[in-house]
Every structure is written in structure tokens, then in C-alpha cells.
Amino acid sequence: MELNITCIPGDGIGPEIVAEAKKVLDAVAVKYGHTMNFTDVLMGGASIDAYGKPLTDETIETAKGADAVLMGSIGGDTTTSPWYKLPPNLRPEAGLLGIRKALNLFANLRPAVLYEELAEACPLKKEISAAGFDMLIMRELTGGLYFGERKTVEENGIRKAIDTLTYDENEIRRIAIKGFDIAMKRKKKVTSVDKANVLDSSRLWRSVVEEVAKDYPEVTLEHMLVDNCAMQLVKDPAQFDVILTENMFGDILSDEASMVTGSIGMLASASLNDSKFGLYEPSHGSAPDIAGKDIANPIATILSASMMLRYSFDLDKEADAIDNAVKQVLKEGYRTIDIMSEGCKQVGCKQMGDLLAQKIV
Ligand code: IPM
Ligand code: MG
């Protein structure tokens, strides 16, 4: 199979971790007889430095013309980087929001898994983590507060800021369908998270999710208020399979869920549109403080590449090969510094990439 992949290395540790993901993908291509063509484009801070804006039409067009997009991370230190002196619509994050919208990537899948080998890193009490967990946050990504009308005005000398939270039933239905579809391939449970005791948008969310649930009689649906969900994630994470939620709640809960695994450097994500097209990126940020030191953990990006093979190309065998390589390398005791524990062997970003590529045999 010939795969055309647009790569957005981005900022901070982005270029280093994407290089390792390409290394592993190249190994997959050799082993399974595929051709992978990578085209690098700029986005975020790197694009600001080169073109004065975080996302160019050329980057959008190149991404649209590809079969899938593999991204590192974008953004810099918000207190020291000159990028954050620019108006909000010209900052690195605007590039990310812009490409999500331009490519219609409304479904964001963020798995949070407690790896047996890394159970030590889980910050929860042993009696809670012992149950293990494997959940997937299905976050709506192109609506809600992120894309509603916003403005800052001054009325009678008082500054006032307005952000608008809007969802229509079609936006809710299409993400709910994705959530139920994926639950069918997992443990068949959907926890729909909202704030229906306060927000109209949440009440609509709840009723549309219930309509969609009728087409999935095998899936158990429960509703949970977002504040309770934040609590349940640390109290009993094993109860969750698919968490289905809107944009802002998903942003917050997915950071919490990843922290609970204790290894944010391990968590992949996929952002999908209505077809098989997707943008794949690690759940973590650009970590500018450790950029260029060859100590970043490339595993989240490599697992994102695995998600790409699975979701955009239906190459399950190849994706399994990557996932198994990760498990194997962890079992052998290799760790980057973020997941290091006593008795293990510490390796850098490049060496971790090499080890994983070698396991694709
Ligand atoms: C994420 C990030 C982004 C978001 C930021 C960088 C705009 O936090 O992907 O979760 O809020 O969606
Ligand atoms: Mg976030």
C-alpha cells in the first residue's frame, strides 16, 4: 500500500519525537511491504517564524491532499516566548484550532491506559490502581466554546468578555455515533458527560445522545455530570470505557485522565473527520524546556502513528506490531527519563526510537 503522510513536526520536542515515529513507520513499511511518503509542513510557532502566521493555506492544502497527518506538538513557553506577545489569532494554538476546523476533525479520540509495566508511575493509591484501567475519551473537537463567537468589549468603562457555547443537534449526533461505534469495539459502555443541571447545550447533548443510543442496544449508556466525572476519574477510573463529551469538558478531563496514568509521555490521540482521514498527535504538549536534549519520550507519537495505521488505513497487523514493540521494550526495562524507575535502563529519545524500530521484525 502507498501511504502519503503529511508531517507537522511543530515546536519544542515536536521535531525530535516525529523523527522517531518516522523511523518506526519506515521499519513497518520495510517489514510489511508498504511505501510511506512523508511531506513535512510547518505549523504553530515554526510557521509564525517562517511566514508570520501559525497556519498557512499551503499547510492546509498539503494536509488535505494527504491520506493522513502525523503531528508532533506546537507552542512554546507562554510566559517567555515572543509568540505569546502576538494577538490571540496569530499565536501557535490558533494554528491547531484552525487546522482542526479546516479539516473538519470533529472527533478526538484520547485513550488513557494504565500500562502494567508502568503501574508504579500511577499517582493513585494502590488499591485503586490495582484494578487497572483502559478508557477512551471521545471529545467533540470543532464546536462548543472553542468555536463560538467571542469578543471583549468595554461598557461604561467596564471591560467585559464574552464566549459563546453553542451546539446543534447534528454536531452532537455525529460525535455520539462515533462514540457508540467505538464502544461496540471495546467494552460496550458509554459514559456521556455533561452539565445538564445547568446548561441548555448539555440538555440538548443528553437528549441527542439518548436518541443515538437507541441504535446501539448492546451498549450501556450512562450520563454523568462533569464535576462528578472529574471526581470519579481519581476515585474509580476502572468504571470507564468510552467517555463521550463536548469540547471544553473533553479538554480538561483528558488531561486529568492522562495524569492518572502517570505517563502522559505514553498517550496517543487521533482526530478524525467523517471519512477515514485523521490527524494523529501525542496528547502531551511541546515541552520547550526539554527540547533539543534528546530526552523526550517519543512513545506517545509512535503510538499515534499506530493509531493512524489502524484508523486511517485499516492496517491492524502493522498497528499491533507497533503496540507490541512498545510493550516489549517496556518489559525489557527501557525507559525515557519521564517514566524512569529504579532498576530500569534509561535511554534517550533517539535510542528509544531505535529500540522500537528494531522490534518491528
Ligand atoms: C489540547 C490542547 C489544545 C486544546 C490547546 C493547545 C489549544 O490543550 O489539544 O488538548 O485546548 O484543545
Ligand atoms: Mg488540552
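How many salt bridges does the structure hold? The structure holds 21 of them, a salt bridge being a side-chain nitrogen of Lys or Arg within 4 Å of a carboxyl oxygen of Asp or Glu. This is a predicted model, in which local features need pLDDT of at least 70 and side-chain atom pairs count only at pLDDT 80 or more, while totals for chains, interfaces and linings use all residues. Residues are numbered from 1 along each chain as its sequence is written, chains are lettered from A and ligands numbered from 1 in the order in which they are written, and side-chain values use heavy atoms, with hydrogens and water left out.

| Pair | Closest N and O atoms |
|---|---|
| R100 and E281 | 3.9 Å |
| E218 and K188 | 3.7 Å |

Helices (H or I, at least four residues) and strands (E, at least two) are DSSP runs, numbered from the N terminus. R100 counts as buried because its relative accessibility is 7%, and E281 counts as buried at 6%. Here buried means under 20% relative accessible area, exposed over 50%, and partly exposed in between (1.4 Å probe, protein chains only).

K276 is partly exposed, at 45% relative accessibility. Salt bridges that share partners also join R310, D316, D320 and D323 into one network.

Now for the lysine. K178, found in helix α6 (residues 169-184), is buried yet has no salt bridge. The nearest side chain of opposite charge, D274, is 5.2 Å away; Lys and Arg count as positive and Asp and Glu as negative, with His and the chain ends not counted. Leaving aside neighbours within four places in sequence, K178 is in contact (heavy atoms within 4.5 Å) with residues including F106, D274 and S275.

F106 itself lies in the loop between α4 (92-102) and β4 (107-113), and its relative accessibility of 0% makes F106 buried. F106 and T142 are 36 residues apart in sequence, but 5.0 Å apart in space, C-alpha to C-alpha.

Finally, the helix pair: residues of α1, among them I17, V24 and V28, meet residues of α10, including T301, A305 and L309.
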